[in-house]
Amino acid sequence: MSQSLAFNSVNLNWHPPAEGSFKVNCDASKMGNEDLIGFGCVIRDSNGDWQHGCAGIIHHHSVLQ
């Protein structure tokens with residue numbers, strides 16, 4: 001028996017912050033029953049230029065942490 005997955009596509013646009021400000025975008029995800037959570041963040045200035053970023057894995061926590 002074959003199981004199919006349905007994916008919804010969403011078109012999102014990034015909007016820069018006000019002049020002289022920075023915007024932080026972060027996301028995290030958890031796959032299956034693993035006790036691992038992956039995360040990433042990026043900081044951009046009002047021109048959309050990358051300033052700093054990070055990514056990593058957290059062990060044995062809930063996605064809400």
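## A charge over a ring

Lys23 sits over the face of Trp14, 5.5 Å from the ring centre. The term requires NZ of Lys or CZ of Arg within 6 Å of the ring centre and within 35 degrees of the ring normal. The model is predicted: local features need pLDDT of at least 70, side-chain atom pairs count only at pLDDT 80 or more, and totals for chains, interfaces and linings use all residues. Residues are numbered from 1 along each chain as its sequence is written, and side-chain values use heavy atoms, without hydrogens or water.

Aromatic pairs number zero. Such a pair needs ring centres of Phe, Tyr or Trp (its six-membered ring) within 6.5 Å; planes under 30 degrees apart are stacked, over 60 edge-to-face, the rest tilted.

## The sheet

Three strands make an open antiparallel sheet, ordered S1-S2-S3. Strands are DSSP runs (E, at least two residues), numbered from the N terminus; two of them pair if DSSP finds at least two bridges between them. S1 (22–30) and S3 (50–59) are the edge strands, each pairing on one side only. On average, neighbouring strands are turned by 10° against each other, direction ignored.

Nine bridges join S1 to S2 (residues 36–45) in the antiparallel sense. Cys26 has Cys41 of S2 as its bridge partner. Phe22 is bridged to Asp45, also in S2. Five residues lie between the two strands, and Gly32 takes a positive phi near 55° in this hairpin.

Technical notes:
Helices (H or I, at least four residues) and strands (E, at least two) are DSSP runs, numbered from the N terminus. Axes are lines fitted to C-alpha atoms, for helices over the stretch in contact, and angles run from 0 to 180 degrees between N-to-C directions.
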